[in-house]
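Please look at the sequence and the structure shown here. The paragraphs after it go through selected parts in turn.

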Amino acid sequence: MSLENRIAEIIVSRLNVKPEEVTDSANLKDDLGADSLDMVDLMMDLEDTFNLKISDEEGNTLQTVGSVVAFLKTKGIEA
Amino acid sequence: MSNLDATAVVTGAARGIGFEIAKKLISVGWTVAALDMLEEDLKRSAESLGENYRPYTVNITDSKQLAEVASAIGNDLPVVKGIVNNAGVTRDALMMRMSEDQWDLVIDVNLTGAWKVTQAFMRSLIRAREGSIVSISSVVGLLGAAGQTNYAASKAGLIGMSKSLNRELAARGITVNVVAPGFIETEMTEKLPEEVRGDYLSKIPAGRLGLPVEIAEAVAFLMSPSAKYITGIVLPVDGGLTT
């Protein structure tokens with residue numbers, strides 16, 4: 001499964017949204033309805049799934065689905 | 001007996017009020033993860049309460065031990081949907097004579113321990129989008145008591161912690177409440193001198209000490225579906241002492 005699909009799967013299950021809503025430009029809070037607790041939960045999920053640490057500062061920069069994908073790629077995660 | 005297929009983590013569950021809480025929760029269908037430092041008491045309680053009482057020997061002030069236990073519970077038991085912060089210690093002394101160690105220990109176990117346990121298990125409630133967290137405070141946290149600046153501070157601290165956590169979690173269908181027992185018949189109050197006991201009794205409108213099972217009943221209610229809309233409260237169970 002591609003990195004994009006794995007991330008999309010996590011977002012769909014955590015935020016309870018439809019897969020087609022999870023586009024690259026979708027904003028996690030404004031478009032997908034994540035509140036602050038959802039964001040923390042999502043970051044912790046990404047940490048567990050991809051076995052990395054996401055600092056609060058890094059977490060705050062992750063606004064869109066695309067930015068999450070790009071961030072994980074900078075951490076050397078491809079799939 | 002109903003089976004909720006859900007686990008309640010109860011600290012200090014080897015004896016006293018914690019044991020009664022475990023017993024009551026098991027009777028209404030919970031699996032109880034019983035956390036305590038007292039290994040022998042845990043064993044004895046496990047023998048009397050059966051297979052839904054799962055003992056874990058752990059010092060809740062030790063984050064590493066706690067993480068190991070949390071991981072074991074996550075693997076072995078039904079999903080955690082309840083947390084009961086009951087573990088507590090006293091080290092009484094007038095403040096003039098209280099050592100920093102006495103202060104630190106009581107705060108570490110009663111308040112920081114509750115914070116650590118809640119943090120270790122809350123994610124599974126958030127995931128489930130339901131659950132209950134109940135912390136056992138004390139009337140002493142509301143009224144104060146000479147010789148218990150440490151204990152009263154820890155028990156009042158649980159109230160502030162719970163009310164704040166309630167604001168973080170209520171929208172997830174998770175209730176966060178406090179039960180504040182009055183004077184309860186336990187090993188601790190059994191040892192009181194007769195005149196102190198008499199003094200307590202004279203202040204309790206109900207005219208008697210409470211029973212551990214009466215605390216357990218209140219906790220089980222707050223963790224039941226009947227109490228889904230009750231959150232952020234402090235429920236005194238004290239025979240009218242604080243009213």
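**Where the two chains meet**

The contact between the chains takes eight residues from chain A and seven residues from chain B, where contact means heavy atoms within 4.5 Å. This is a predicted model, in which local features need pLDDT of at least 70, side-chain atom pairs count only at pLDDT 80 or more, and totals for chains, interfaces and linings use all residues. Residues are numbered from 1 along each chain as its sequence is written, chains are lettered from A and ligands numbered from 1 in the order in which they are written, and side-chain values use heavy atoms, with hydrogens and water left out.

The size of an interface is often given as the accessible area lost when the parts come together. Chain A and chain B bury about 680 Å² between them, and 38% of it is on carbon and sulfur atoms. Buried area here is the accessible area (1.4 Å probe) that two parts lose on being put together, summed over both. On the side of chain A, Arg14(A), Leu37(A) and Asp41(A) lose the most area to chain B, together 63% of what that side buries.

Eight salt bridges are counted between chain A and chain B; a salt bridge is a side-chain nitrogen of Lys or Arg within 4 Å of a carboxyl oxygen of Asp or Glu. One of them joins Asp35(A) to Arg172(B), with the closest N and O atoms 3.0 Å apart. Helix 2 of chain A gives the most to the side of chain A that touches chain B, with six residues. Helices (H or I, at least four residues) and strands (E, at least two) are DSSP runs, numbered from the N terminus.

The predictor gives the complex an ipTM of 0.73 and a pTM of 0.91.

Asn51(A) is not a glycine, yet has a positive phi of about 55 degrees. Asn51(A) sits in the loop between helix 2 (36–50) and helix 3 (56–61) of chain A, and is exposed, with a relative accessible area of 70%. Buried means under 20% relative accessible area, exposed over 50%, and partly exposed in between (1.4 Å probe, protein chains only). Asp5(B), also not a glycine, has a positive phi of about 55 degrees. Asp5(B) lies in the segment before strand 1 (7–11) of chain B and is exposed, at 52%.

Glu185(B) is found in the loop between strand 6 (174–181) and helix 7 (187–190) of chain B. Glu185(B) is partly exposed, with a relative accessible area of 30%.
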